[in-house]
Amino acid sequence: MKTNLDYAQLSKRREELDKCTKCGFCMSYCPVYQEELTETSVARGKIMLVRALLDGDLTLTDEMENQLNKCTLCMACAENCPAYTDVPALITAARADRTDKQGLPYAYRFIYRWLLPRRQLFGYAVKIASWFQGIFLPKTKGTIRHLAMFLSALGKGRHIPEIAPRFLRQSVPEVNLPPEGVKTTVTLGYFTGCMTDFVFPELGKKIISFLTNNGVEVIVPRGQGCCGAPVFLGAGDFTTGRKMADSNVRAFKDVDYIITDCATCASAMKDYAKYLADTPERAEEYAAFGAKVKDITEFLVDILQLPAEAYRVAPEYRGKTVTWHEPCHLGRHLGVKEQPRKILESLPDIQYVEMPDADRCCGMAGAFSIKHYDLSRKIAEKKIASIDSTGADIVVTDCPGCEIQLIDGITRKNMPQKVMHIMELFE
Amino acid sequence: MISAKHIDKLRETIGEKNVLTTAEDLLAYSYDATNLWSHRPDVVVFPACTEHISRILQYANENGIPVTPRGGGTNVSGGSIPIKGGIVLCMTRMNRIIEVNKNNLNATVEPGVILQDFNTALAEEGLFFPPDPQSFAGCTMGGVVAENSGGPSCLKYGVTKQYVLGLEVVLASGEAVKLGGLTPKNRTGYELIMLFTGSEGTLGVISKITLRLLPAPPSNQTMVAVFSDVAVAGETVSSIIASGVLPSKIEFVDNWTFEKFRGLLPDKILDNSQVILLIQVDGLPAAVEAETEQIAAICKNTAGEVRVAENTAEAEKYWQARSAHFSDISSRAHTIVNEDVSVPREKIADFIRQSQESARKHDVPISFAGHVGDGNFHPVVLTDNRDKEHFARALKCVEEIIEIALSLGGVLSGEHGIGLEKQRFLKRAMDPVAIEIMKQIKHLLDPNNILNPGKIWEESPDEDQS
């Protein structure tokens with residue numbers, strides 16, 4: 001019989017765990033349940049498993065681990081839970097206790113504990129991988145190739161964009177001032193995230209120039225690293241997550257706002273206080289840090305309050321029909337639902353159409369899509385069908401992870417849509 | 001416990017991936033939405049077709065293995081809990097909508113279709129299946145029929161049994177039988193479809209369902225009325241019905257769950273009130289408008305606040321707040337005992353007054369919600385089963401509430417069914433001869449007592465052999 005103390009993170013959330021009344025409402029919202037139709041897939045089932053774990057009725061078996069991993073943390077269940085159960089917090093806590101007790105498999109330990117926290121080295125690793133990619137892997141059509149070697153071992157041939165030849169951090173200065181004649185109204189720190197840094201550096205450059213042209217001084221602190229989402233949320237490795245959090249807090253200590261172009265990064269950084277604060281000092285630091293984090297669309301609409309004419313659609317996209325995929329981390333985790341739509345609806349040069357279930361999870365969810373690739377693809381199929389039904393030329397979103405999933409799904413279906421970040425629409 | 005040999009046989013019969021046996025799987029099929037009962041099965045199987053069900057039941061029957069049919073597992077009676085272990089026969093993967101026929105106003109579905117998905121498909125055709133149990137988001141059509149589900153709309157439209165035209169049922173022997181048909185009128189022999197509708201999985205496994213449908217009402221209107229006195233709200237319901245109008249729904253929630261209405265209604269009103277009535281009328285726009293006016297006028301005589309929803313979004317918010325009641329109240333106490341009595345409409349106010357007195361006498365918190373329009377109530381007693389003394393008082397109060405309902409001419413269960421949760425009251429609520437007839441029917445159809453054993457009536461010691 002296990003005692004509660006064996007599961008430190010779960011024990012802390014006992015009250016949350018007991019909120020679930022087993023009503024089963026979550027069945028209607030859970031993208032994983034809707035594919036598998038088994039009770040262990042849905043929030044109610046997972047909560048009951050975790051409760052049994054804490055009560056000593058079940059143990060940490062491979063199957064338990066499998067079920068804990070099989071959740072996209074999309075939060076659709078929690079948003080609709082009549083008992084207000086914070087399901088993602090319970091799954092994350094269970095993952096942390098699992099990792100605490102059993103450690104991580106070697107490959108993950110290497111990437112998460114050793115490589116990811118070492119930003120410079122991680123950059124080189126990705127670089128080397130991309131170099132090998134060109135030699136060993138056949139190029140596929142257009143800009144899409146099979147992913148770099150070290151990731152493709154995990155990614156099972158997913159179609160994703162190639163690794164950029166020059167990373168964002170190598171291409172832009174640390175301090176980016178508005179052009180001459182434009183008055184600086186605000187200074188912010190830009191958290192670039194791994195994807196923008198290594199895969200989509202052009203997006204990063206576009207965001208910096210958009211901001212500077214609108215009177216924002218953009219600092220790209222060199223000390224920033226990975227947000228930690230795959231590490232502490234995905235793998236439940238709180239120890240490494242804390243190291244990453246600490247270095248990001250240090251890197252951004254002198255700015256009032258921290259903006260991201262990745263909803264997952266923003267949400268993970270806001271979650272430092274919720275999951276990683278193990279001392280009163282960290283609790284305070286992480287809370288202050290989290291309060292400064294803003295998604296780019298949220299910053300533009302709520303803080304900068306740019307006039308409609310500030311958003312000039314790039315010539316190549318004028319006249320196109322555009323639809324919006326709402327990332328789970330943006331809409332549900334950060335509560336940023338109106339802002340991107342407000343921007344899109346205000347653009348006279350495009351036609352904006354809302355897709356059905358725009359806020360439904362795309363199924364990417366980082367390591368989830370690697371461990372459960374087939375399931376992840378099935379979830380994506382519903383999203384791809386939604387996109388198809390709009391007849392849009394372009395799908396925009398606000399999370400490079402979602403972008404990769406959408407590119408993969410659209411390519412598989414031979415659909416014509418271009419997938420891009422919302423900020424790429426602009427000049 | 002069933003043996004490894006049996007499990008191998010099941011795998012061989014319906015395929016490896018449709019048979020679950022890990023400790024995690026078994027735990028996940030040990031409960032439903034009640035909180036006093038749980039029991040793990042020995043194996044969970046997912047049939048893909050009627051043939052699978054037949055073969056599983058035939059094998060189970062030959063080997064005396066208990067079989068508990070299950071859909072979404074959202075029921076609140078303990079009905080889908082495998083209390084004797086054995087096989088959980090989970091129907092969720094038999095989830096095809098076979099046909100929706102607008103000319104015949106009927107639809108044929110497999111039992112695993114989720115009610116909400118069914119209604120979404122019907123809405124596309126301008127059709128409507130009225131029963132709306134509040135578990136609609138997860139409950140499956142097989143369960144809707146086997147539990148003869150109700151819900152708010154039953155006030156005007158009746159319960160599930162009024163919509164079942166035909167069933168395919170697999171008997172305990174494994175034989176599949178077709179009952180009823182496709183037509184709304186059918187006077188061929190006994191109404192055997194009614195025997196299986198509401199049978200709680202004890203007489204056969206429903207493998208296909210044909211349902212009568214209605215054209216979706218072209219418009220509807222929602223209004224809320226807030227009352228400072230519970231009994232006055234009950235009397236107002238009687239006045240509405242007596243005025244010659246039949247709303248599609250009249251729902252009742254008490255101030256235990258007002259939190260869900262914060263932001264929708266003024267705090268000042270909520271803070272000083274006891275009850276909200278949610279009323280919906282539907283039909284042709286002109287009728288809806290006239291009925292809304294009539295009802296609002298009646299409510300204004302007695303209510304502290306009457307509000308007619310200005311748009312669909314506002315109306316939806318009210319109904320979401322109502323749907324959340326069960327979960328909300330469940331989260332207010334470690335243990336809740338949720339009853340489902342139904343009383344004749346004119347006794348609503350008496351029932352509430354007497355039940356409140358009982359709760360005061362036993363010093364336990366009580367909350368009321370329900371489909372007050374048809375007299376179907378869900379009094380919920382809040383307790384903690386770890387506190388033996390409190391829990392005993394709560395059970396005493398529940399017993400009294402049931403006695404009160406019965407003495408007013410009501411019934412033990414309006415829509416949840418008996419399952420495990422209410423069987424201890426069955427003898428008081430049903431004629432002993434009727435109970436005996438049920439047992440004989442059960443014996444005729446399931447002589448080895450393999451189908452959902454241990455449900456509806458309490459077993460005598462000689463019956464309980466497992």
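## A hairpin in chain B

Strands β8(B) and β9(B) form a hairpin with five residues between them, and G174(B) in the turn has a positive phi of about 100 degrees. Strands here are DSSP runs of E with at least two residues, helices are runs of H or I with at least four, and both are numbered from the N terminus. V169(B) has V177(B) in β9(B) as its bridge partner.

## Basis of the model

This is a predicted model, in which local features need pLDDT of at least 70 and side-chain atom pairs count only at pLDDT 80 or more, while totals for chains, interfaces and linings use all residues. Residues are numbered from 1 along each chain as its sequence is written, and chains are lettered from A and ligands numbered from 1 in the order in which they are written.

## The antiparallel sheet of chain B

Seven strands of chain B form an open, antiparallel sheet in the order β15-β12-β14-β13-β17-β18-β16. Because β15 (305-308) and β16 (335-338) of chain B each have a single partner strand, one side of each is left without a neighbour in the sheet. From one strand to the next, the twist averages 15 degrees; axes are lines fitted to C-alpha atoms, for helices over the stretch in contact, and angles run from 0 to 180 degrees between N-to-C directions. Within the sheet, β17 (residues 366-371) and β18 (residues 376-383) of chain B pair over six bridges, with A369(B) opposite H378(B).

Helix α8 (residues 230-242) of chain B packs on this sheet, touching β12, β13, β14 and β17 of chain B, and its direction makes about 15 degrees with that of β14(B). Helix α10 (residues 285-302) of chain B lies across β12, β14 and β15 of chain B, at about 5 degrees to β12(B).

## The parallel sheet of chain A

Chain A comes to 24 helices and 11 strands. Four of its strands form an open parallel sheet in the order β9-β8-β10-β11. The edge strands β9 (351-353) and β11 (418-421) of chain A each pair on one side only. Strand β10 (residues 394-397) of chain A pairs with β11(A) over four bridges, and V395(A) stands opposite V419(A). Helix α24 (residues 400-412) of chain A lies across β10 and β11 of chain A, running at about 175 degrees to β11(A).

## Core and burial

The largest nonpolar core has 248 residues, and C30(A), V45(B), L89(B), L277(B) and V381(B) have the most contacts inside it. Such a core is a set of buried Ala, Val, Leu, Ile, Met, Phe, Trp, Tyr and Cys residues joined through C-beta atoms within 7 Å. A residue is buried if 20 or more other C-beta atoms lie within 10 Å of its own, exposed if 12 or fewer, and partly exposed in between, with C-beta atoms placed from the backbone.

Buried residues make up 50% of the 427 residues in chain A. In α15(A), the buried residues include F238(A), R242(A), M244(A) and N248(A). Of the 14 residues of α16(B), one is buried, so this helix lies largely in the open.

## Contact between the chains

In chain A, 23 residues are in contact with 25 residues of chain B, a contact being two C-beta atoms, placed from the backbone, within 7 Å. Helices α4 (43-54) and α5 (62-69) of chain A are the elements that give two or more residues to the chain A side.

How values were computed:
Pairing = 2+ DSSP bridges.
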